[in-house]
Amino acid sequence: MSGKEIIGSVDFGTNEAPAPEYVQTESGQLVTPDFLAFLKQAMSGQLAEPDHDDELDPQVRGLAEELSVIHLPEWTSPVGRKLAEPTVTSIKQATRVAEYLIKRGVRVHPELEEIRWVPTPSGAPGAFDTGAHITPDAEGNWPTPDAEEFYDFDEISVKQVEGSAWYATHPRGIACEGKTKSEAYAAMVAELRRRIDDASGGSLI
């Protein structure tokens, strides 16, 4: 380097974003605050609060809540062939998407609503509940679903697991165990009856 003069230096940074801060959960896991917010949203089925303090436009918030957890009904082709079972999905950055769609002119018109989702009575949290979809009657009124339709006894399935215990299952995500087939079935009927009784005092809408 003799005979040469250094006149300056340049730092070629990578411009990488700073590493996210981590918090420790009760079980000792290190996760980001964003991940914790996602878990809270997934468990509750509700839109997480925005990071900024500005009050959201009611139309934006309403649309964002619809997009944050979406309950899709069974999907069939025009000829009646089943393409997909009822599904629960979501859109990431629901608030941002909602703000954009509102600016694009998208609006929700309740008078045009042809289908509505209702939760399973005494069922799982919203994000994990496929629930059911209802349609208005001829007068445009939305019926109150019967809890017994959600917990139809005819949908109970009982199978034995490799010569051991018997298990009764129901499409609503319920399972009961028994030493015999009849015992497992009876346990499932009792559980469904309990849930129907719990839901009988309130509206599902």
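What follows is a chat about a predicted model and how parts of it pack.

Colleague: Hi! What counts in this model, and how are residues numbered?

Modeller: Hi! It is a predicted model, so local features need pLDDT of at least 70 and side-chain atom pairs count only at pLDDT 80 or more, while totals for chains, interfaces and linings use all residues. Residues are numbered from 1 along each chain as its sequence is written, and side-chain values use heavy atoms, with hydrogens and water left out.

Colleague: Thanks. Which residues of helix α3 are buried?

Modeller: In α3, residues 94-103, the buried ones are Ala94, Thr95, Ala98 and Ile102. Buried means under 20% relative accessible area, exposed over 50%, and partly exposed in between, with a 1.4 Å probe and protein chains only. Helices (H or I, at least four residues) and strands (E, at least two) are DSSP runs, numbered from the N terminus.

Colleague: Why do they line one face?

Modeller: Seen down the axis of α3, the buried residues fall within an arc of 95°, so they line one face of the helix. That arc is taken from the directions from the helix axis to the C-beta atoms.

Colleague: And what does the face turned away carry?

Modeller: Arg96 and Lys103, both exposed, are on the face of α3 turned away from its buried side. The buried residues pack against α2 (58-68), where contact means heavy atoms within 4.5 Å.

Colleague: New topic: how many residues are in the largest nonpolar core?

Modeller: The largest nonpolar core has 15 residues, and Tyr151, Ile156 and Val158 are among those with the most contacts inside it. Such a core is a set of buried Ala, Val, Leu, Ile, Met, Phe, Trp, Tyr and Cys residues joined through side-chain atoms within 4.5 Å.

Colleague: Which elements supply it?

Modeller: α4 (147-150), β11 (174-178) and α5 (181-199) each supply at least two residues of this core. α5 gives the most, with five residues.

Colleague: Now the sheet. What is the strand order?

Modeller: Three strands form an open sheet in the order β9-β10-β11, with antiparallel pairing. Two strands pair if DSSP finds at least two bridges between them. β9 (157-160) and β11 stand at the edges, each with a single partner strand, so one side of each has no neighbour in the sheet.

Colleague: How many bridges join β10 and β11?

Modeller: Five bridges, in the antiparallel sense, with β10 covering residues 166-170. Ala168 has Cys176 in β11 as its bridge partner.

Colleague: Which helix packs on the sheet?

Modeller: α5 does, touching β9, β10 and β11, and its direction makes about 140° with that of β11. Axes are lines fitted to C-alpha atoms, for helices over the stretch in contact, and angles run from 0 to 180 degrees between N-to-C directions.
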